[in-house]
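Keep the structure open and follow along.

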Amino acid sequence: MEDVGRARQLADPDETAADIDGSRLPELEDPDWMRHAREVSQTSFRAMARRLPRLVREAIGLAWATSRCNTIASIGLNISAGVMTTFGLLATTTVLTELFAARPTPDRVRAALPALLLAASALAVRGTLNIAAGWAQARLVPQVNYRVELGMFDATTAVDLAAFDDAGFAEEMDRVRDRGMREAASIVDHTVNLVTGLVGVLATAAAVAVIQPILLPCLLLATVPEAVTAVRMARRQYLNLLARTTRRRRMWMLAALMANRHTAAEIRAYQMRGFLLGEYLRITAGETEADLDLARSQATTRMLGASGSGLASVAVYAVLGGLLLTGWVVLAAAAAALLALQAAHASLRTMVVATNSLYEDALYYQDYRDFLDRASRHTRPVGGQPAAGFDTIEFDQVSLRYPDTDNPAVDEISLTLRRGQVIALVGENGCGKTTLAKLIAGLYRPTSGVIRWDGVDTSDLDPHSLGSHVAVMTQEWWKFPFTAGQNILIGRHDRPSPGTGPSVEDAARAATVHEIVLGLPHGYNTLLDREYKDGHDLSGGQWQRLVAARSLYRDARLLVCDEPSAALDARAEHAMFQQLRRQPDKLIVLITHRLANIRHADKIFVMREGRLVQQGNHDELMARDGLYRELFDLQATGYLAKSSPAPATQTP
Ligand SMILES: Nc1ncnc2c1ncn2[C@@H]1O[C@H](COP(=O)(O)OP(=O)(O)OP(=O)(O)O)[C@@H](O)[C@H]1O
């Protein structure tokens, strides 16, 4: 790790002298996913080579599962090209043997002609095979990429919502998205390169062994400096990048801040431009220095490597000369061996670089596989009893404790909800309303207690069919960058027949957003994302109406509305609650801090610190002393209080 430390120092020369104050961003901790990089930096090349067979098997397995045809083509064509290399070299030896024979020149040329044709043909066929192999490889790599990406998103969209509360899961997911996912295609690419390099070396060695076996050790000797140089350069490049990873992440972060529509307003309002550009400049100065340092040391290694190769070549020439003088090798064989040497150099280099990269990328790919394992532990198994709907939902001593928290967010709650009711959850911030609503909606599973639909434990019901009876208007809705119509339609994109529920326009009318959508340049086909051409945006309240339309379009038996009117104006809010009261066959669960909106609810559940402390309708709860009356009166006072005269201005 000495190299890492050195590169780090060079990357930020003023590190020790710097004052860490508010005018400068603090240095970031190295992220956990760099642990593999460190591991690679401490692994010897021999240890890497030992793990190679397993890695190659794994990569070929992945390629095979993606496209058998392209895998066979990539590897098969490369091997065939190798065979052509051997043929070509052998034919060249024959050409040289004929040309160096003690005969008149025209006779020598005539004798060499068939072998020359053979050598030229071998060369042409090898070139064609190489191009075809490259083509198969180019087809294979993106396919592997998409397969792995799909596997990743298949897992991230199937896991329980609770998985996202687990910090370990989130970090692993980011790490996999950062690198692990991309490296799957790389390991296939490197493996094919490794096979290509290996085939090249073997093909040359085979040719040399046929020409004159004694030349084989010479070939190996000549390639050693090249191999050492390639390994050293690849590893130095990697270690240098490793030492700068954290700083580069900071650069990416700053770059993303400075070229982003969402941050543009704040950057201008707070005049942060100078600060951001200054930080970027400071970091790029360190980066430039690190780049120059790398270029310098790579040039030195390349020079030393070239000198070593030169010396090795001189040694090989000396050995060849000796063999020629002593008659062990004929002149033609020696010349062919020199050609073989050139070919072996390039192949060996490919092999060494591919080994280094394959080993490193395989470590990141392992992260991806670990993540899929972890995700599968967070995923409910498909199957179970189909859920036909419900008439009653019953909570029996239900609790939920978030990971790594001391107190349960919902604590031993028992209640019964019936279809046709409008119920409300009330309480102060953080008392557990949203968590309880998510339990009702089946988005979370209780950590203890049982939830039953018509007497059946929901954990015995098929999660997909259970979810099909639920619609949720969440507090933290997302502005999906789709058209206005799609933003509603995704509420139930797989509705079996269009006539079985409200149309998109009906839902939009019910949520008082139809006129707004018609006012957009392309009506329901208007793209709601200004970052794309012809894209538009809506105000916060207009978006909230669109979200309401989506959940009405879903037309589910259970509708959970968490602060559905937080961004609505008074008229829209009134219309929204009127609409929610007009759903006699549904169970509506409302969460709102504006208590006037739930006066008509059939039942109000009042929560404090995760527990149910009161329940009843508005009149019953107002008739008693308690939290509900206290909160309601506090709010009502604000509306009813007569405006008091402004306090007199005090004169000094
Ligand atoms: N994902 C989470 N991980 C850990 N703790 C959480 C998580 N979500 C909520 N909590 C905690 O659980 C408790 C209940 O939160 P919840 O969001 O259910 O409250 P709430 O009554 O809906 O609050 P508000 O009225 O502010 O929306 C709070 O103490 C909160 O900090």
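**From one glycine outward**

With 15 C-beta neighbours inside 10 Å, Gly389 counts as partly exposed. The model is a predicted one. Gly389 sits in the loop between α10 (331-377) and β1. Set aside its neighbours within four places in sequence, and Gly389 is in contact with His469 and Arg557. Now look for Ile131. It is 258 residues from Gly389 along the chain, and their C-alpha atoms are separated by 60 Å.

Step back to the whole chain. It holds 19 helices and 10 strands. Its radius of gyration is 36 Å, well over the 26 Å that the globule rule gives for 652 residues, so the chain is more spread out than a compact globule. Along its principal axes the C-alpha trace spans about 120 × 75 × 50 Å. Of the 652 residues, 35% count as buried. Consider the contacts with a separation of 6 or more: residues 24 or more positions apart account for 79% of them.

The chain is divided into three parts. Domain 1 covers 65-377. Domain 2 is made of 382-469 + 557-635. Domain 3 covers 479-555. The C-alpha centres of domain 2 and domain 3 lie 26 Å apart. Their contact takes nine residues from domain 2 and eight residues from domain 3. On the domain 2 side, helix α17 (residues 570-581) gives the largest share, four residues.

Turn next to the segments annotated in the record. The unreviewed UniProt entry lists residues 72-91, 111-129, 187-208 and 314-341 under "transmembrane region". Two of these segments can be checked against the model here. Residues 72-91 are 100% helix and 0% strand, with the end C-alpha atoms 28 Å apart. Residues 111-129 are also 100% helix and 0% strand. Their end C-alpha atoms are 29 Å apart.

Take Val316, in helix α9 (residues 273-325). Is Val316 buried or exposed? It has 21 C-beta neighbours inside 10 Å, so it counts as buried; the cut-off for buried is 20 or more. Beyond its neighbours within four places in sequence, Val316 is in contact with Cys218, Leu221, Ala222 and Leu341. Val316 and Pro217 are 99 residues apart along the chain, yet their C-alpha atoms are separated by 9.6 Å.

Leu338 belongs to helix α10. It has 17 other C-beta atoms within 10 Å, so it is partly exposed. Cys218, a contact of Val316, comes up again here. Leu338 and Cys218 are 120 residues apart in sequence and 10.0 Å apart in space, C-alpha to C-alpha.

Now find the ligand. Which residues are around the ligand? They are Asp165, Tyr402, Thr405, Ala409, Gly427, Asn429, Gly430, Cys431, Gly432, Lys433, Thr434 and Thr435. Helix α11 (residues 433-440) gives the most to this shell, with three residues. By type, the shell divides into three nonpolar, seven polar and two charged residues.

Gln397 is not a glycine, but it has a positive phi of about 55°. Gln397 is found in strand β1 (residues 392-400). How does its surroundings count come out? Gln397 has 12 C-beta neighbours inside 10 Å, so it counts as exposed.

Asp555 shows a positive phi too, near 55°, and is likewise a residue other than glycine. Its place is the loop between α16 (540-554) and β7 (558-562). With 18 C-beta neighbours inside 10 Å, Asp555 counts as partly exposed. Asp555 is also the end of domain 3 as assigned, 479-555.

How values were computed. Residues are numbered from 1 along each chain as its sequence is written. This is a predicted model: local features need pLDDT of at least 70, side-chain atom pairs count only at pLDDT 80 or more; totals for chains, interfaces and linings use all residues. A residue is near a molecule or strand if its C-beta atom, placed from the backbone, lies within 6 Å of it. Helices (H or I, at least four residues) and strands (E, at least two) are DSSP runs, numbered from the N terminus. Ala, Val, Leu, Ile, Met, Phe, Trp, Tyr, Cys and Pro count as nonpolar, Asp, Glu, Lys and Arg as charged, and the others, Gly among them, as polar. Domain bounds come from an automatic or database domain assignment. Two residues are in contact if their C-beta atoms, placed from the backbone, lie within 7 Å. The radius of gyration is taken over C-alpha atoms; the globule rule is 2.2 Å times the number of residues to the power 0.38. UniProt positions are given in the numbering used here, feature names are shortened, and annotations may be inferred rather than shown by experiment.
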